[in-house]
Amino acid sequence: MKAEDIILKPVLTEKGYDGIADKKYTFTVLKSANKTQIKIAIEQMFGVKVDSVNTLTRRGKLKRMGRNEGYTPTTKKAIVQLTADSKPIEFFNSLS
């Protein structure tokens, strides 16, 4: 599996912006990816050193449209902590 398949998109929220100063970055990742695969994918895509990876799975919410109801997709997020001597990710430089 390629790194581009594992890392789907960055999460750009207020809480995510607060972590950029501490070299913590949040990404939406593939649901079947584990922490080791996420770590390798981030290191390959951005050329940085990853210290730790925390993951969480957000269950889909129940939504209704008229009398029909269904669930939004379940997503998985990864919060990546870089090492102290690692360079920051350039994509997030203009956002902080």
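Colleague: How many bridges join E3 to strand E6, and which way do the two run?

Modeller: Eight bridges join them, and E3 and E6 (residues 75-82) run antiparallel. This is a predicted model, in which local features need pLDDT of at least 70, side-chain atom pairs count only at pLDDT 80 or more, and totals for chains, interfaces and linings use all residues. Residues are numbered from 1 along each chain as its sequence is written, and side-chain values use heavy atoms, with hydrogens and water left out.

Colleague: What counts as a strand here, and when do two of them pair?

Modeller: Strands (E, at least two residues) and helices (H or I, at least four) are DSSP runs, numbered from the N terminus. Two strands pair if DSSP finds at least two bridges between them.

Colleague: Which residue in E6 is the bridge partner of Ser52?

Modeller: Gln81.

Colleague: What is the strand order in the open sheet of four strands?

Modeller: The order is E1-E2-E6-E3, with antiparallel pairing. Strand E1 (7-10) and strand E3 (50-58) are the edge strands, each pairing on one side only. On average, neighbouring strands of this sheet are turned by 30° against each other, direction ignored.

Colleague: Which helix packs on the sheet?

Modeller: Helix H3, residues 35-46, which touches E1, strand E2 (24-29), E3 and E6. Contact means heavy atoms within 4.5 Å. The direction of H3 makes about 120° with that of E3. Axes are lines fitted to C-alpha atoms, for helices over the stretch in contact, and angles run from 0 to 180 degrees between N-to-C directions.

Colleague: New topic. What do E4 and E5 form?

Modeller: A hairpin, with two residues between the strands. E4 (residues 62-65) and E5 (residues 68-71) pair in the antiparallel sense over four bridges, and Met65 has Asn68 in E5 as its bridge partner. Gly66 in the turn has a positive phi of about 70°.

Colleague: And how many salt bridges does a search of the whole structure find?

Modeller: Two. A salt bridge is a side-chain nitrogen of Lys or Arg within 4 Å of a carboxyl oxygen of Asp or Glu. One joins Glu69 and Arg64, at 4.0 Å from N to O. In the other, between Glu90 and Lys87, the closest N and O atoms are 2.9 Å apart.

Colleague: Are Glu69 and Arg64 buried or exposed?

Modeller: Glu69 is exposed at 54% relative accessible area, and Arg64 is exposed at 58%. Buried means under 20%, exposed over 50%, and partly exposed in between (1.4 Å probe, protein chains only).

Colleague: What about Glu90 and Lys87, then?

Modeller: Glu90 counts as partly exposed at 47%, and Lys87 counts as partly exposed at 39%.
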